[in-house]
Amino acid sequence: MAAAVSDMVVHARSGDVDSYRLAHNAFHRTVLEASGNGMFRALHAVLAEAPTNHVSPEVIELHERVGHAIRVGDDAAAERAMRLLF
């Protein structure tokens, strides 16, 4: 997740929207896979087709918050940050 967020930052700064989208999709694929929930994992195919609407520092910060919360095991913080993304 951290690598995907780092890639999102790099590609957002360079304006490479296609590479940003790949990094964004990698982030969400990792979160969905880590959930251990088959139904959530199946959502990745749907989410991967959705347009990446916002390339902004705020959106990237929310992804960082989600990733950090998951890494430290703070489920409530991860949920709060993820809800702000959607």
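Reply: A definition comes first: helices are DSSP runs of H or I with at least four residues, and they are numbered from the N terminus. With that numbering, E79 and R83 both lie in helix α5, four residues apart, which is about one turn of the helix. Please keep in mind that this is a predicted model.

Me: What links E79 with R83?

Reply: The two form a salt bridge, and their closest N and O atoms are 2.8 Å apart. The structure holds one salt bridge. Side chains of opposite charge can pair when their charged atoms come close.

Me: Is E79 buried, partly exposed or exposed, and why?

Reply: E79 counts as partly exposed because its relative accessibility is 43%.

Me: Let us step back to the fold. How many helices and strands does the chain have?

Reply: The chain has five helices and zero strands. Read from the N terminus, the order of elements is α-α-α-α-α.

Me: What are the dimensions along the principal axes?

Reply: The C-alpha trace spans about 35 × 25 × 20 Å along those axes. The radius of gyration of the chain is 12 Å, and this agrees with a compact globule because such a globule of 86 residues would have a value near 12 Å.

Me: What share of the contacts links residues 24 or more positions apart?

Reply: That share is 51%, counted among contacts with a separation of 6 or more.

Me: And how much of the chain is buried?

Reply: Of the 86 residues, 33% are buried. The accessible surface comes to about 5500 Å², and carbon and sulfur atoms account for 56% of that area.

Me: How far apart are the C-alpha atoms of V66 and F27?

Reply: The separation is 9.9 Å, for two residues that are 39 apart along the chain.

Me: I also noticed H28. Buried or exposed?

Reply: H28 is buried, because its relative accessibility is 7%. H28 lies in helix α2. Leaving out neighbours within four places in sequence, its contacts are H44, H63, M82, L85 and F86.

Me: Which residues does N25 touch?

Reply: N25 touches H44, L47 and A48, not counting residues up to four places away in sequence. N25 also lies in helix α2, which covers residues 17-34. With a relative accessible area of 12%, N25 is buried.

Me: F86 came up as a contact of H28. Where is F86 placed?

Reply: F86 is in the segment after α5 (75-85). It counts as exposed because its relative accessibility is 66%.

Me: Which residues make a nonpolar surface patch with F86?

Reply: F40, L43 and L47 make the patch together with F86, and its area is about 390 Å². Of these, L47 is also one of the residues that N25 touches.

Me: Last one: what about L84? Buried or exposed?

Reply: L84 is exposed, since its relative accessibility is 56%. L84 is found in helix α5 and touches L62 and R65, not counting residues up to four places away in sequence.

Methods
Residues are numbered from 1 along each chain as its sequence is written. This is a predicted model: local features need pLDDT of at least 70, side-chain atom pairs count only at pLDDT 80 or more; totals for chains, interfaces and linings use all residues. Side-chain values use heavy atoms; hydrogens and water are left out. Patches are made of residues with over 30% relative accessible area and no salt bridge: like charges are joined within 9 Å, nonpolar side chains (Val, Leu, Ile, Met, Phe, Trp, Tyr) within 5 Å. Accessible areas come from the Shrake-Rupley method with a 1.4 Å probe; for residues, only the protein chains shown count as cover. A salt bridge is a side-chain nitrogen of Lys or Arg within 4 Å of a carboxyl oxygen of Asp or Glu. Helices (H or I, at least four residues) and strands (E, at least two) are DSSP runs, numbered from the N terminus. Buried means under 20% relative accessible area, exposed over 50%, partly exposed in between (1.4 Å probe, protein chains only). Contact means heavy atoms within 4.5 Å. The radius of gyration is taken over C-alpha atoms; the globule rule is 2.2 Å times the number of residues to the power 0.38.
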